[in-house]
Structure formats: structure tokens, C-alpha cells
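Me: Could you walk me through reading burial, aromatic pairs and a sheet in a model?
Reply: Gladly; let us look together.

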Amino acid sequence: MMVDNASQNSNIGNSSLFFSSAAIITHNCRALSNSTKTFFLGKLPVPLKEADVLLLQETGRLANPETLFFPHLSLASFSIDEHNAYSSIGVYFNHNRVSLLSSEVILQGRASFHTIKKKNDGTIFAVFNIYGPPASTGEAIQALANLLHDIKMQMQIFKDFYPLSCVYLAGDFNCNTVNE
């Protein structure tokens, strides 16, 4: 994550920036397609055009992820594991409501980090989109622990620059540790 302290204000000085109240939707798609677009743009409890951020897991391969939810949402990041198409994530943001300050893929197809600023009040918040590895074996449990450690480190860097800002962790953690 690259931060320029000269151009970004810390949230310390303005108490109205302590809480973001962001509208975040998360969804495990299990292979997203253009036909799914109509599902998201239908009448949901929180309509997509009113969301600040949309976090998707298991999107599968998309021909044009940047245009899937256009004009309502813009693509922040899309990553897919080259060995497993279901190990994939996408993050979209409502460019009318928020600005994307930074975006980083932490682990291909598994986790991403985004710094976002609300346009109406300047609140800065962070979002992690997580699609955890299935944690049913010792090796997979260790992979999840390593991923959570990487997320913790990224979160600490963010909190060093924006100590009172909100951090949202969402996604599909695959925490089933029962051998099936």
C-alpha cells in the first residue's frame, strides 16, 4: 500500500470521520455470469445502486469484469487463481458515492484490500474481500492462518495511517473444520 501523507488527511482531527456507516454487500456467486447481473440489479433489500461496495467470491472467469455492473458500479479489483477458476474474487464500488483511494490483491483469488473515501463526508474506510481456502485439512487450516496473518499485517498498516477509521472484513471464510 502506498500512502502519501502530504495529500491525505488523517481521520484523527475530525471526529465526524470516526465511523463510516458504509453500505457493503457481499455475495458468494459460485460462477458469476452476465445473467446474474439482473439478479443484483433487481429489488434487493439494499438496491445495488445504493451500495457503496460490492464484494464477490467464487466469481469464476469473466470475459469483461469491468463492465459487468456498469453504469452503477466500477471495478476496483478482480483476481482469479490460475489453477482454480472458482478461487476468484471481485470488488466493485459505487463511483457516485465513494472514491477508490487504493486497491491491492493480497492473495490471487483469495483476498484483496481497498481504501475507500465517502464523497458526501470524506470518511475513509478499509474493506477486505476474503475467500478463504477450505479449512478441512491441516494444510488448508495453515493456509487460512497464513492468509489471516497477511490480512492482519495489512490492517495494521492501514490503522497506522487512519487509526480511528472503520475496517470491514467480509466474504466467505470457508471455516468448516469438520472432515467431510
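Reply: Let us begin with burial: buried means under 20% relative accessible area, exposed over 50% and partly exposed in between, with a 1.4 Å probe and protein chains only. At 0% relative accessibility, Phe158 therefore counts as buried, and Tyr162, at 2%, is buried too. This is a predicted model, where local features need pLDDT of at least 70, side-chain atom pairs count only at pLDDT 80 or more, and totals for chains, interfaces and linings use all residues. Residues are numbered from 1 along each chain as its sequence is written, and side-chain values use heavy atoms, leaving out hydrogens and water.

Me: How many aromatic pairs does the structure hold?
Reply: A pair of aromatic rings is described by the distance of the centres and the angle of the planes. Rings of Phe, Tyr and Trp (its six-membered ring) pair if their centres lie within 6.5 Å; planes under 30 degrees apart are stacked, over 60 edge-to-face, the rest tilted. The structure holds 4 such pairs. Phe113 and Phe128 have ring centres 4.8 Å apart and planes at 45 degrees, so they are tilted. Both Phe113 and Phe128 are buried. For Phe158 and Tyr162, the centres are 5.2 Å apart and the planes at 40 degrees, so this pair is tilted. Phe113, Phe128, Phe158 and Tyr162 form one aromatic cluster.

Me: In what order do the 4 strands of the open sheet run?
Reply: Strands of a sheet pair through backbone hydrogen bonds, either parallel or antiparallel. Strands are DSSP runs (E, at least two residues), numbered from the N terminus, and two of them pair if DSSP finds at least two bridges between them. Here the order is 5-6-7-8, with mixed pairing.
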